Amino acid sequence: MKNTVLIILSLVVLSCSNNYDTYKSIDHSLVDYNIIPKPSHLEVLKGSFKIDENTCIYSDSLLNTETDYLESTLKAITNFSVTRSTKKDDSKNIISLELSDNIKAEEGYTLEVLYNKIDIKAKTTKGAFYAIETLKQLLITTQTEPETQEYLIPATRILDEPRFAHRGMMLDTGRYFYDIEFVKQFIDLIALHKMNVFHWHLTEDQGWRIEIKKLS
C-alpha cells in the first residue's frame, strides 16, 4: 500500500512539473547568436525557449499590431498557432511584450530569453518591432530525429538601441525594373536588419515606373 501511494505521488509530481525543464541547461555556441546589426549588449545564457503548440503571447493593449506581427511570424516559421493570454503567467511558456519608460532610446528595447519565458520591453512600438526582428533572427530549428523538428530560441539577455537615427537602403526601379514581389521582399529584408528608411527611386530619365491608367 505504501509503495502504491509513493508511486501515485511521484506521478503527480511529474505531471505538475514544468514540461520545459529539459531545455533549461542547453549550451549554445556563438553561432546561434548571429544578429545583424550586432546589439549594443548581448549576454549568452544557458538554456533555450521552445516554440510549440503551448506557446502563448501576452502584450500591452498598445502593442496589438506588433503582437499580430509576432503571431503571424511564428506561424509562418514554425507552423504553430500561438494563443493570446490575458495575464502574464511565467508558467505558461509565454512571450510578453510590454512598453516601459525605463528604456531611454526611442527605438531601444530589452529582450530576455529564458527556458520558460521571453520578456520584451520597449519604449515605443518601434522598439517592440525591432525586438521581434531580433527574435526572428535568433529562432533556430533543431532536428533531433528525421520526423521531429524543434523550434528553439537560445537563451540570452539583450539591451539594444540604434547607433544612428537614419538607417536606410535605396532601391532604384527607375533604371532597373523590379516586380512588386521583389520590392516587398526588399522592404522585409531591410526591416529585418532594423533599417528605418526606404529610399525609393521610382522614376528617372531612363524609365517611368508608375502606372497611370488614364495615359495607358
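Colleague: How many aromatic pairs does the rule count?

Modeller: The count is seven aromatic pairs. Rings of Phe, Tyr and Trp (its six-membered ring) pair if their centres lie within 6.5 Å; planes under 30 degrees apart are stacked, over 60 edge-to-face, the rest tilted. This is a predicted model: local features need pLDDT of at least 70, side-chain atom pairs count only at pLDDT 80 or more, and totals for chains, interfaces and linings use all residues. Residues are numbered from 1 along each chain as its sequence is written, and side-chain values use heavy atoms, without hydrogens and water.

Colleague: Why is the pair of phenylalanine 80 and tyrosine 151 called edge-to-face?

Modeller: The ring centres are 6.3 Å apart and the planes stand at 85°, so the pair is edge-to-face. Phenylalanine 80 and tyrosine 151 lie 71 residues apart in the chain.

Colleague: What makes tyrosine 151 buried or exposed?

Modeller: Buried means under 20% relative accessible area, exposed over 50%, partly exposed in between (1.4 Å probe, protein chains only). Tyrosine 151 has 10%, so it counts as buried. Phenylalanine 80 has 22%, so it is partly exposed.

Colleague: What about serine 59, buried or exposed?

Modeller: Its relative accessibility is 18%, so serine 59 counts as buried.

Colleague: What joins the side chains of serine 59 and threonine 67?

Modeller: A polar contact of 2.8 Å. The term takes a pair of N or O atoms within 3.5 Å; within protein, one must be able to donate a hydrogen and the other to accept it, and residues adjacent in sequence count only if both atoms are side-chain atoms.

Key:
Helices (H or I, at least four residues) and strands (E, at least two) are DSSP runs, numbered from the N terminus.
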